[in-house]
Amino acid sequence: LDPRHQCFLHRGQRLQWRRHRHRCNRTRRQHRLGARPENRHSRRFLHILFDTAFGRSGIAWDERGITRIQLAEASAAATASRLEEHGARRSRAAPPPHVADAAQRVRRHLAGKPQDFASVPLSLDLLPAPRRRIYEAARAVPAGRTVTYSELADRIGAPGAARAVGAAMADNPFILAVPCHRVMGANGELH
């Protein structure tokens, strides 16, 4: 056993394996080998700011894809602050090609030229599985079409989860890339 590992099992607390595994999210083999599960704190998040028709917007990313698209706040400092609240540091180097492409698409879209964001790579793996399924289903809604929260819940195989879909759309970190504006309440209103 790795003495540096600080999970519950190694601190001398006697927990049943099932309960411990639920809290730790590691397999027995990972415990024996000292492997740590990947988490938000073991990844590096960067962000850039760029000019749009509505002010300075921003994009945050990690090595797997885009983690947040932030539309312009009242000032560039407020936009940067919003991205940094979620752990992204300002990038000193040029962004990777997929991030630069996404920034260009956001810029064009906000200038009145509709863009397709379906091919923009998103980093969904750190999100809970239900949210990941909701965002993937929302990305599949074609432009010009709308669905209700309950219809989207049915599409992901969770009938009755309309409130969870509504909460996910309200907290959408991938504005424009996950078209939450195409998902609305049963009465036809955006919430």
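## Salt bridges and a helix pair

Aspartate 171 is partly exposed, with a relative accessible area of 47%. In this predicted model, its side chain meets that of arginine 131 in a salt bridge, at 3.5 Å from N to O. Because arginine 131 belongs to helix α5 while aspartate 171 sits in the loop between α7 and β6, the pair ties together parts that are 40 residues apart in sequence. Arginine 131 is likewise partly exposed, at 24%.

The helices themselves also pack: α5 (residues 129–139) and α7 (residues 162–170) have axes 10 Å apart and an angle of about 75 degrees between them, which means that α5 is roughly perpendicular to α7. On the α5 side, Arg131, Ile134, Tyr135 and Ala138 meet Ala164, Val165, Ala167, Ala168 and Met169 of α7, and this contact comprises eight nonpolar residues, one charged residue and no polar ones.

Asparagine 172, in the loop between α7 and β6, counts as buried because its relative accessibility is 6%. Its side chain reaches the backbone nitrogen of phenylalanine 174 at 2.8 Å, and a polar atom of that side chain lies 2.8 Å from the backbone oxygen of valine 178. Beyond its neighbours within four places in sequence, asparagine 172 is in contact with Tyr135, Val178 and Cys180.

The structure holds five salt bridges, among them one between arginine 64 and aspartate 125, whose closest N and O atoms are 2.3 Å apart. Arginine 64 lies in the loop between β2 and β3 and aspartate 125 in the loop between α4 and α5, so this pair ties together parts 61 residues apart in sequence.

How values were computed. Residues are numbered from 1 along each chain as its sequence is written. This is a predicted model: local features need pLDDT of at least 70, side-chain atom pairs count only at pLDDT 80 or more; totals for chains, interfaces and linings use all residues. Side-chain values use heavy atoms; hydrogens and water are left out. Axes are lines fitted to C-alpha atoms, for helices over the stretch in contact, and angles run from 0 to 180 degrees between N-to-C directions. Helices (H or I, at least four residues) and strands (E, at least two) are DSSP runs, numbered from the N terminus. Angles under 35 degrees count as roughly parallel, over 145 as roughly antiparallel, 65 to 115 as roughly perpendicular and the rest as oblique. Contact means heavy atoms within 4.5 Å. Ala, Val, Leu, Ile, Met, Phe, Trp, Tyr, Cys and Pro count as nonpolar, Asp, Glu, Lys and Arg as charged, and the others, Gly among them, as polar. Buried means under 20% relative accessible area, exposed over 50%, partly exposed in between (1.4 Å probe, protein chains only). A polar contact is a pair of N or O atoms within 3.5 Å; within protein, one must be able to donate a hydrogen and the other to accept it, and residues adjacent in sequence count only if both atoms are side-chain atoms. A salt bridge is a side-chain nitrogen of Lys or Arg within 4 Å of a carboxyl oxygen of Asp or Glu.
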